[in-house]
Amino acid sequence: MILEDRPINHSQSPINPPSLSQENESVLKIWGRASLHGQVKISGAKNSALAIMAGALLCSQDCRLRNVPSLVDIERMSQILAAVGVKLKRSGDILDLDVSHIGQSKAPYELVSQLRASFFILGPILARLGVARIPLPGGCAIGARPVDLHVRGLQAMGAQVHIEHGIVNAYVKGTGNNKLKGAKIYLDYPSVGATETLLMAATLAEGETTLENAAQEPEVEDLANFCRAMGAQISGAGTKTISISGVSSLHSVDYPIIPDRIEAGTFLVAGAITHSELSLYPVIPEHLTAVIAKLQAIGSEVMVEAPNRLRIIPNKLRATDIETLPYPGFPTDMQAQFTALLALSEGNCVVSETVFENRLRHVAELNRMGADIRVKGNNAIIRGVPMLSGAPVVGTDLRASAALVVAGLAAEGITTIQGLRHLDRGYEDLEGKLRQLGARVERVPAQIEEEELPPTPTNAMTATP
């Protein structure tokens, strides 16, 4: 069945993510050494929103999502959902989804190949229809992220799965109602994507499903809470063991996305690296425990001003070792930003990346700015330097781009960052928020070379609690 694409309606949306043509033609100029001050509003969590948008496919009624960030990845996921029959309407940070009529995926490969989270639709479509055809996904080139854990889990639940010509074909046979069956599933690695795919598939399966060695990330718990709000029976999300009792159907929901802990962590690093006192809201401090602990080890004080508000009070930077781990360990998505921060810390340290094997490509760009970092295997060996210098650099993935932004804020002179297509995937109006804090940041056409071009005034809204 071929379904007509129904593009999302952005007519009422105050902020749209930049188009791909804008991304390719623009660079970000940062005039460094500006002191930041004030408060910044944290957007909804990208990784929660993407999974929950896919989870909406489980419901045969309408869903309303609140606090949805305006990002290129959200736009791509919206287009993918439209390709399988979902009707979407956006107003501000509210996204309404009519998921009453869906079919097998005919999502264009060019969209799916750019978005890892597109694979999340496999579980819900298979659970609801008994058959799904999904192209293999793409995303940032930060290392191998195989789908074998997803596939083996679905097979344990009774699905027939085979991959042919880049398409994952899955179907349920041998039962009259095309239903997946509950199963006990042990994940060899606590993969967030596999945990979320199997959790969603299990909500409509017959019987009990247990996921052992499940991912414990807050985004997994947010997805489970969303499914529970629709009537799913899930317990243990946020722990290593998740239990799901399948139900026959799910109902309408109005659900708010949690704040983005990685965006919050990035702004905390921005405060520390520029020696600026900043206030952030809304946040869930418990989601940032590992990040806060490392900021304190580096020398900054992080205060919980209110249940949903943090303040960073910077101090002299000192070196400390970091090792990325699955949650509740130190998040791989904050490794690049902390590498930039530690480049300006006093002393020597090692940052070990254990989650993805190709996630130290920002080191070469930081060295271009004067950092003294050596890569050996999955370790970045950092010798702190007293200053960084602005330079033309390239963001190689989403968090690497964020690291270059925070480095540029602290550097002497002007930093010009290319590769904004990565940055726009995960940070909503980053330059507007930075300008509101007092930074001199401007997105300009790539051909403009005058380094003294003044930034234009911003019309960003003043943040209020």
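Residues are classed as buried under 20% relative accessible area, as exposed over 50% and as partly exposed in between, with a 1.4 Å probe and protein chains only. The structure is a predicted model, in which local features need pLDDT of at least 70 and side-chain atom pairs count only at pLDDT 80 or more, while totals for chains, interfaces and linings use all residues. Residues are numbered from 1 along each chain as its sequence is written, and side-chain values use heavy atoms, with hydrogens and water left out.

The protein chain has 15 helices and 23 strands; helices (H or I, at least four residues) and strands (E, at least two) are DSSP runs numbered from the N terminus. Of its 465 residues, 58% count as buried. Contacts are defined by heavy atoms within 4.5 Å. Among the contacts in the protein chain with a separation of 6 or more, 74% are made by residues 24 or more positions apart.

Helix α5 (residues 122–129) is mostly covered, with 6 of its 8 residues buried. The buried residues of α5 are Leu122, Gly123, Pro124, Ile125, Leu126 and Ala127. Their cover includes the helices α2 (46–55), α6 (148–156) and α7 (192–203), together with the strands β6, β7 and β8. Glycine 130, which follows α5, has a positive phi, near 85°.

The strands β6, β8 and β7, in that order, form an open sheet of 3 strands with antiparallel pairing. Two strands are taken to pair if DSSP finds at least two bridges between them. β6 (131–135) and β7 (159–164) stand at the edges with a single partner strand each, so one side of each has no neighbour in the sheet. On average, neighbouring strands of this sheet are turned by 15° against each other, direction ignored. Between β6 and β8 (residues 167–172), which run antiparallel, there are 5 bridges, and alanine 132 stands opposite alanine 170 in β8. Helix α5 packs on this sheet, touching β6, β7 and β8, and its direction makes about 160° with that of β6. Axes are lines fitted to C-alpha atoms, for helices over the stretch in contact, and angles run from 0 to 180 degrees between N-to-C directions.

A further open sheet consists of 4 strands in the order β21-β22-β1-β23, with mixed pairing. Its edge strands, β21 (392–394) and β23 (440–445), each pair on one side only. The twist from one strand to the next averages 25°. β1 (residues 26–31) and β22 (residues 414–418) run antiparallel and are joined by 4 bridges; lysine 29 stands opposite threonine 416 in β22. Helix α13 (residues 398–410) lies across β1, β21, β22 and β23 and runs at about 35° to β1.

Two packed helices are described by the angle between their axes and the distance between the axes. For helix α9 (residues 261–273) and helix α11 (residues 335–343), the axes come within 10 Å and cross at roughly 5°. The two helices α9 and α11 are therefore roughly parallel to each other; angles under 35 degrees count as roughly parallel, over 145 as roughly antiparallel, 65 to 115 as roughly perpendicular and the rest as oblique. Ile262, Thr266, Val269, Ala272 and Ile273 in α9 are in contact with Gln337, Phe338, Ala340 and Leu341 in α11. By class, this contact has 7 nonpolar, 2 polar and no charged residues. Here Ala, Val, Leu, Ile, Met, Phe, Trp, Tyr, Cys and Pro count as nonpolar, Asp, Glu, Lys and Arg as charged, and the others, Gly among them, as polar.

The structure holds 2 aromatic pairs. Rings of Phe, Tyr and Trp (its six-membered ring) pair if their centres lie within 6.5 Å, and planes under 30 degrees apart count as stacked, over 60 as edge-to-face and the rest as tilted. Phenylalanine 226 and tyrosine 255 form an edge-to-face pair, 5.6 Å centre to centre with 70° between the planes. This pair links distant parts of the chain, phenylalanine 226 in helix α8 (residues 218–229) and tyrosine 255 in strand β13 (residues 253–256), 29 residues apart. Phenylalanine 226 counts as buried at 0% relative accessibility, as does tyrosine 255 at 10%. The ring centres of phenylalanine 330 and phenylalanine 338 lie 5.0 Å apart with the planes at 90°, so this pair is edge-to-face. Both phenylalanine 330 and phenylalanine 338 are buried.
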